[in-house]
Amino acid sequence: MPKAKITDEEALAFHLDPTPGKWEINATVPMTTQRDLSLAYSPGVAVPCEAIAANPETAYDYTNKGNLVAVISNGTAVLGLGNLGALGSKPVMEGKSVLFKRFADVNSIDIELDTEDPDKFIEAVRLMGPTFGGINLEDIKAPECFIIEQKLKEEMDIPVFHDDQHGTAVICAAGLINALHISGKKIEDVRIVLNGAGAAGIACIELLKRMGARHDNCIVCDTKGVIYQGRTEGMNQWKSAHAITTELRTLEEAMDGADVFLGVSVKGAVTQDMVAKMADNPVIFAMANPDPEITPEEAHEVRVDAIVATGRSDYPNQVNNVLGFPYLFRGALDIHARAINDEMKIACAHALAALAREDVPDEVALAYGKSLTFGRDYIIPTPFDPRLIHRIPPAVAKAGMDTGAARRPIIDMEAYEVGLKGRMDPTASILRGLNARARSAQSRMIFAEGDDPRVLRAAVNYQRSGFGKALVVGRAEDAKQKLEAAGLGDAVRELEIVNAANTTHFDVYKDFLYKRLQRKGFDRKDVHRLVGRDRHVFSALMLAHGHGDGLVTGATRKSAHVLDQINHVFDADRDHGAAGVTALLHKGRIVLIGDTLVHEWPDENDLATIAERAAGVARHMGLDPRVAFVSFSTFGYPVSERAEKMHLAPAVLDKRGVDFEYEGEMTVDVALNAAAQEAYPFQRLTGPANILIVPARHSASISVKLMQEMGGATVVGPILSGVDKPIQICSTTSTANDVLNMAVLAACNIG
């Protein structure tokens, strides 16, 4: 599978649009009336101020302190880029802040301190303590990072956590627990070699020793070789703590007979000869980024019994810090912890290891396009496993409670886990899963409207994102000019431009289309013009003949016109069961609406078919379908002829014996609100509906556009379902990213 390509221009554009940076602040309370303002600020705000002054612990009740983490750096060790300074580190810190929110619903703000003086840094952070529930230190060079973290831990009564050290250590420990489980070895018996004695390396070896690894079995190496008792060159107090009595002096000597290698150093530090001399079932964690000390392919060439992990997402067993820090802080914040101690980190590691040994949910396997089963290539959970949010924080919280770190212990752990499940935005994991499936499918995607700059940009991004091959229908010179105008002149040679003039299949397409249309009033000249001049027809013919795997169109013409043209080639109409389903993504919810494309005024049988199509789309997205037939009446009241078909449609599904939940007719609030559903205890839905079947196409269009413009919902679709081949039709207002999303849906064959 080709790796995604990200250009400098794309990266800068991502951070520039739609607004500079990666996050913004929104109010959580009403701020519209004078009374709202008086409560939010003066005079109403005086009451919680006095309450907090009298009892500081109530700050967790009346302010956002309990769910607010600061990501703080001075930019002295930014990724692998070195000392970029405080301002140069800001994009990374903003990114860390949004990861906190995305994975654990932790609010976070980035702070960049313009000093390399540890004492000034410590003082600045300490003085900000009342604002935050926790401090995440990031990208601070060693050895200052050790000094800063230790001093802040001593002086502050909230968790202080340097993720470069402990985040890597926790995930490394989780992976090692399972690797040793597979190889039948115990941590107290194995010989461990660590290469790289910086912040992450030292933290890894210290945590493993806390978990049972023996000091004399752990050999630490740096650029000068083995750290041994009596060595003076390149030493500091943190390295000295891990010096052992040994005759070994080089990494190569240390690797002879070793059970475990941990690398947080540089590309190429480990050779195949070193791996060949390791013990049976060697464990190799080559975590250097962006390139590991040795690749899995190189290691397995000489040792098929090796268990290999890296820091990269394109190899199995990724040691990814995002598996740790969001959930560590989530658990710590929820018990109002004074610190994140070693027991909490070890609990996190064991919980992650246990999760990897369980059956993987279908939606995760679906997202990654392969079956994931505990074994040598799956010892660490994937970052997008939906169970992480409700499995890891409770383990961390319990360890914090057991060790006295909690100010406010959790009484009902079961209720806590249920609450955690509700915190996560399912839409993000759904979109991520679709992207992963598209990348696995490697579909040749036909972009029908190659004369439109948005479509051209989407085609370039489709290919550069590693989804597959983009086939653009258009004229080469025109595409070249428009790509250059869009700042993508280097992409011209990457795209394959296809048209009626350069295809070798023109006559085949004509013959095929003439046979379909000859009894519908089209002669050979009509067909010749359609194939030669209409890009929608030409693109559909490419797809019908297997000269592409999916089709995206509609950005330049109304969807009704595009659908008419496609119907010349495919049976994409009401009579053949086609339907349009639009996904609305809003505030952590996803709701599908149908039909938004094909049926103008469906009857009860059509409505039942639309429901089946929508249920299929929902399942492709990893949702458990719950269908509501919606109207302005609920279960027969008020009585209306217009609502009758919505009442009859569920009976049609009863006869068809479908295998998903459905109910109706009902108003939208009853469909979407669990509390409103309680007034109808006989209704069959087990929760809020995620599919709304509406009475007609005009009501579907109004609903979608109203939610988009007034509610700020993200709209994906309409998704064309019930057609033999993957065809997706964009709207004329689509952005390049919208077109790309539709291409991803087509690649996943949703519909």
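Biologist: Hi! How do strand β9 and β10 pair, parallel or antiparallel?
Modeller: Hello! In this predicted model, β9, residues 283-286, pairs with β10 in the parallel sense, over four bridges.

Biologist: Which residue in β10 is the bridge partner of phenylalanine 285?
Modeller: That would be alanine 309.

Biologist: And what is the order of the strands in that open sheet?
Modeller: Six strands form the sheet, running β7-β6-β5-β8-β9-β10, and the pairing is mixed. β7 (225-226) and β10 (307-310) stand at the edges. Each has a single partner strand, so one side of each is left without a neighbour in the sheet.

Biologist: What holds paired strands together in general?
Modeller: Strands of a sheet pair through backbone hydrogen bonds, either parallel or antiparallel.

Biologist: Okay, over to strand β17. Is β17 mostly covered or uncovered?
Modeller: Mostly covered: β17 spans residues 626-630, and five of its five residues are buried. Arg626, Ala628 and Val630 point one way, while Val627 and Phe629 point the other way.

Biologist: Which strand is joined to β17 by bridges?
Modeller: Strand β18, residues 661-666; the two run parallel, with five bridges joining them. Valine 627, for instance, has tyrosine 662 in β18 as its bridge partner.

Biologist: New topic, charge! Which residues gather in the patch of negative charge on the surface?
Modeller: Glu252, Glu253, Asp256 and Asp273 make up that patch.

Biologist: Where is glutamate 252 found?
Modeller: Glutamate 252 belongs to helix α12, which covers residues 251-255.

Biologist: Why does glutamate 252 count as partly exposed?
Modeller: Because its relative accessibility is 42%, and partly exposed lies between the buried limit of under 20% and the exposed limit of over 50%.

Conventions
Residues numbered from 1 in each chain as written. Predicted model: local features only at pLDDT ≥ 70, side-chain atom pairs only at ≥ 80, totals over all residues. Heavy atoms only, no water. Patch = residues over 30% accessible without salt bridge, like charges linked within 9 Å, V, L, I, M, F, W, Y side chains within 5 Å. Areas by Shrake-Rupley, 256 points an atom, 1.4 Å probe, with all protein chains shown as cover. Salt bridge = Lys/Arg side-chain N within 4 Å of Asp/Glu carboxyl O. Lys, Arg positive; Asp, Glu negative; His and termini not counted. Charge placed at Lys NZ, Arg CZ, Asp CG, Glu CD. Buried < 20%, exposed > 50% of the residue type's maximum accessible area, 1.4 Å probe, protein only. Pairing = 2+ DSSP bridges.
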